[in-house]
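Student: I have a chain open and want to go through it with you. Can we take it piece by piece?

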Amino acid sequence: MTQIQNERWLREVSGLIWSGVFIDTDEKSQPKIQSARSAAQDGLRVDGSAWKCGDPQTGEIIYRATSNAEMIEIGSMAFNYVQDCYDREGVLMTAVKDGTYTADMIDLGWPARV
C-alpha cells in the first residue's frame with residue numbers, strides 16, 4: 001500500500017506540460033496555481049501577468065505572460081491532473097483490498113502529464 005501512495009505522490013508532484021512549458025505541480029505550487037486561477041475568474045488578476053514556468057528541454061526558468069483565460073486553463077488542468085492521480089490511487093487501493101491487485105498495475109492507468 002505504501003508503494004501505491006508513494007507512486008501517486010511522485011506522479012502528483014511531477015508537473016505538467018502546458019503550451020510547451022513546464023508547470024510545477026509540487027505541494028507548494030498547487031495552492032498558488034489555484035489562487036491565481038480564482039483571482040483570474042474573479043477579475044482580480046491582471047490579464048497578461050507573468051507565470052513562472054520552465055523550459056522542458058533545458059529546465060531554465062521562464063516568466064511567461066499569461067492571459068486570465070490561460071491561467072484558468074492552467075488551474076483547471078493542474079486540478080484535474082492531481083485529482084486523477086488520487087482517483088488512480090483509489091482504484092489501486094481498492095484492488096489491494098479486494099485481492100485483485102497485481103504488481104504490474106502500479107505502472108498503468110496514471111494520467112498523462114500533457
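Student: Is S19 buried or exposed?

Tutor: S19 is exposed, because its relative accessible area is 53%. By the cut-offs, buried means under 20% relative accessible area, exposed over 50%, and partly exposed in between, with a 1.4 Å probe and protein chains only. Bear in mind that this is a predicted model, in which local features need pLDDT of at least 70, side-chain atom pairs count only at pLDDT 80 or more, and totals for chains, interfaces and linings use all residues. Residues are numbered from 1 along each chain as its sequence is written, and side-chain values use heavy atoms, with hydrogens and water left out.

Student: Where is S19 found?

Tutor: In the loop between β1 (16–18) and β2. Helices (H or I, at least four residues) and strands (E, at least two) are DSSP runs, numbered from the N terminus.

Student: And what is the phi of S19?

Tutor: Near 50 degrees, a positive value in a residue other than glycine. Most residues other than glycine have a negative phi.

Student: Back up a bit. How many helices and strands are there in the chain?

Tutor: Three helices and four strands. Along the sequence the pattern reads α-β-β-α-β-β-α. The C-alpha atoms fill a box of roughly 50 × 35 × 20 Å, taken along the principal axes. Of the 114 residues, 34% are buried.

Student: What about α3, what should its residues span?

Tutor: At 1.5 Å a residue, the 31 residues of α3 should span 45 Å, and its end C-alpha atoms are 45 Å apart, which agrees. The expected span is 1.5 Å times one less than the number of residues. G99 follows α3 and has a positive phi, near 80 degrees.

Student: How far does α2 reach?

Tutor: α2 covers residues 29–41, which is 13 residues, and it reaches 18 Å from its first C-alpha to its last, close to the 18 Å expected. Just after α2, G43 takes a positive phi of about 80 degrees.

Student: Which residues of α2 are buried, and what do they pack against?

Tutor: The buried residues are S29, Q30, I33, A36, A39 and A40. They pack against α1 (2–12), β2 (21–23), β3 (50–54) and α3 (68–98).

Student: Q30 again: what else is E12 in contact with?

Tutor: Leaving aside neighbours within four places in sequence, E12 is in contact with T25, Q30, Y81, V82, C85 and Y86. Contact means heavy atoms within 4.5 Å. E12 lies in helix α1 and counts as buried because its relative accessible area is 3%.

Student: What share of the chain's contacts comes from residues 24 or more positions apart?

Tutor: Among contacts with a separation of 6 or more, 56%.

Student: Now the strands. How many bridges join β3 to β4?

Tutor: Five, and the two strands run antiparallel, with β4 at residues 61–65. Two strands pair if DSSP finds at least two bridges between them. A50 stands opposite A65 in β4, and W51 stands opposite R64.

Student: What lies between the strands of that hairpin?

Tutor: Six residues, and G59 in the hairpin takes a positive phi near 80 degrees.

Student: Last topic. What is the volume of the largest pocket?

Tutor: About 240 Å³. A pocket is found on a 1 Å grid over the protein atoms alone, as an open set of points where a 1.4 Å probe fits, with protein on both sides within 12 Å along at least five of seven lines; lining residues have an atom within 4 Å of a point. The volume is the space filled by probe spheres set on the points, and grid points are joined across faces, edges and corners.

Student: Which residues lie nearest its centre?

Tutor: D24, S29, K52, C53 and I61, out of 13 lining residues. The elements that give two or more residues to the lining are α2 and β3. β3 gives the most, with four residues.
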